[in-house]
Amino acid sequence: MQNASNINVKRNVLLNPGPSTTTDSVKMAQVVPDICPREKEFAGLMKGLREDLVRIVHGDTDTYTSVLFCGSGTLNIDVCINSLLPADSKVLVINNGAYSTRAVEICEYYGLPHIDLKFPVDQRPDLAKVEETLKNNPDIKLVHTTHNETGTGILNPIREIGALAHKYGAVFTVDTTSTYAMRPINIAEDNIDFCMASAQKGLMAMTGLSFVVGNREIIERSKDFPRRSYYCNLYLQYEYFEKTGEMHFTPPVQTVYATIEAIKEYWAEGEEAKWARHTRVFNAINDGLDRLGFRQVIKPEERAGLVSSAIYPDDPNWSFEKVHDYCYERGFTIYPGKISTTNTFRLCALGAIDESDIRDFFEVFEEALKVNNVTVPVIYKEG
Ligand SMILES: *Cc1c(COP(=O)(O)O)cnc(C)c1O
């Protein structure tokens, strides 16, 4: 994974939930001769890239396709929701965290009829309630949820939710931004109609390229659905790709080169070995947190295996900012949480890192606690 290219760029270990640490070869892949992306040479690259993005989730390239956009991952949620809802129907968002809340906000911004089916952020959705909602609202035609709620790290039961969506005749869109190319996904077996990600997370490439992988037939059907956006319409972008092999508007050229290199490295590492590496990193993070006495938000058996959400200790000397800055100056980036009710910080197992990086991190992290006079193991008021 690490490589012998002769550039000399400082290596940072990013423990934030994306963008992730990249290899030097992915960084270097961006340095290419200037090219107009309307040249045939570039369109040829896009074709292979689109097919690889489908293969990563084990999709058959006749049934499934990928549609690429220039933007960050939130754009995919926007595209799916605004493009895939037929007239006179409703969206159901199964919401137990910050990223599903973002989907609800998208519904609100477009003025789309929707049901925000809320569950506590530290719990999996209750499938009986999901089914009851679908049964009572036959106008739900789009069900959306998040695979790994990156705000907490909880794993949602997408296969079961997808089966329910299909039983009641709805399309199932899943935000897989923080699992794609890490935790193995099988688009058909997982009952997913559309999943999504951006190049800077599981693929370990650069920011600026996002993509939806989904069912071709449903995209074609959506041609006649109400058009609610121009730049972010799924069918319009798909149709342009099918006709020309290119993005409708200027693609993020250098990020495309980096992504192609990252996918080459993805196949070389292998799905299983890569997931085993992320799991090693995740276990090392949890061991380190446990050793220092940190409590976490999500029960071990419900974690998606990529994001740890640790609760701030009840110590007057604890300061996330001070600990963050100490670690940051030494090449390790930690990240605040995204839960309104509890103060948390996150450590994530994304990126081109391994166990040894986590061991190095915890040495620095423990030093950061000690220089700030935080009691170790950390203390909490209530048992
Ligand atoms: C990172 C992420 C996104 C995209 O966030 P951006 O800030 O737009 O990059 C969307 N969904 C999930 C679950 C994510 O982890």
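Visitor: In which loop does Pro-19 lie?
Guide: This is a predicted model, where local features need pLDDT of at least 70 and side-chain atom pairs pLDDT 80 or more, while totals for chains, interfaces and linings use all residues. Residues are numbered from 1 along each chain as its sequence is written, and side-chain values use heavy atoms, with hydrogens and water left out. Taking helices (H or I, at least four residues) and strands (E, at least two) as DSSP runs numbered from the N terminus, you'll find Pro-19 in the loop between strand S1 (13-14) and helix H1 (24-28).

Visitor: What is omega for the peptide bond from Gly-18 to Pro-19?
Guide: Most peptide bonds are trans. The one from Gly-18 to Pro-19 is cis, with omega near -5 degrees.

Visitor: Which other residue pair is joined by a cis peptide bond, with omega about -10 degrees?
Guide: Head for the segment after H12, where Pro-377 lies. With omega at about -10 degrees, the cis bond there joins Val-376 and Pro-377.

Visitor: What is phi of Asp-88?
Guide: Asp-88 sits in the loop between H3 and strand S3 (90-95). Its phi is positive, in a residue other than glycine, and comes out near 55 degrees.

Visitor: Are H2 and H8 parallel or oblique to each other?
Guide: Helix H2 (residues 40-55) and helix H8 (residues 234-244) pack with their axes 11 Å apart, at an angle of about 120 degrees. Axes here are lines fitted to C-alpha atoms, for helices over the stretch in contact, with angles from 0 to 180 degrees between N-to-C directions. Under 35 degrees is roughly parallel, over 145 roughly antiparallel, 65 to 115 roughly perpendicular and the rest oblique. H2 and H8 are therefore oblique.

Visitor: How many charged residues are there in the contact of H2 with H8?
Guide: Contact (heavy atoms within 4.5 Å) involves Ala-43, Met-46 and Arg-50 of H2, plus Tyr-238, Phe-241, Glu-242 and Thr-244 of H8. Ala, Val, Leu, Ile, Met, Phe, Trp, Tyr, Cys and Pro count as nonpolar, Asp, Glu, Lys and Arg as charged, and the others, Gly among them, as polar. That contact has 4 nonpolar residues and 1 polar, and its charged count is 2.

Visitor: Which residues lie nearest the centre of the largest pocket?
Guide: A pocket is an open set of points on a 1 Å grid over the protein atoms alone, with protein on both sides within 12 Å along at least five of seven lines, and lining residues have an atom within 4 Å of a point. Helix H3 (74-83) and helix H4 (98-110) each give at least two residues to this lining, which by class has 4 nonpolar, 11 polar and 4 charged. Of the 19 lining residues, those nearest the centre are Pro-17, Thr-74, Tyr-99, Arg-102 and Lys-201.

Visitor: Which element gives the largest share of the lining of the second largest pocket?
Guide: Among the residues lining this pocket are Lys-47, Arg-50, Glu-51, Val-54 and Glu-242, and the lining divides into 2 nonpolar, 4 polar and 5 charged. H2 and strand S2 (64-70) each supply at least two residues. The largest share, 4 residues, comes from H2.

Note on methods: On a 1 Å grid over the protein atoms alone, a cavity is a set of points where a 1.4 Å probe fits but cannot get out, and a pocket is an open set with protein on both sides within 12 Å along at least five of seven lines; lining residues have an atom within 4 Å of a point.
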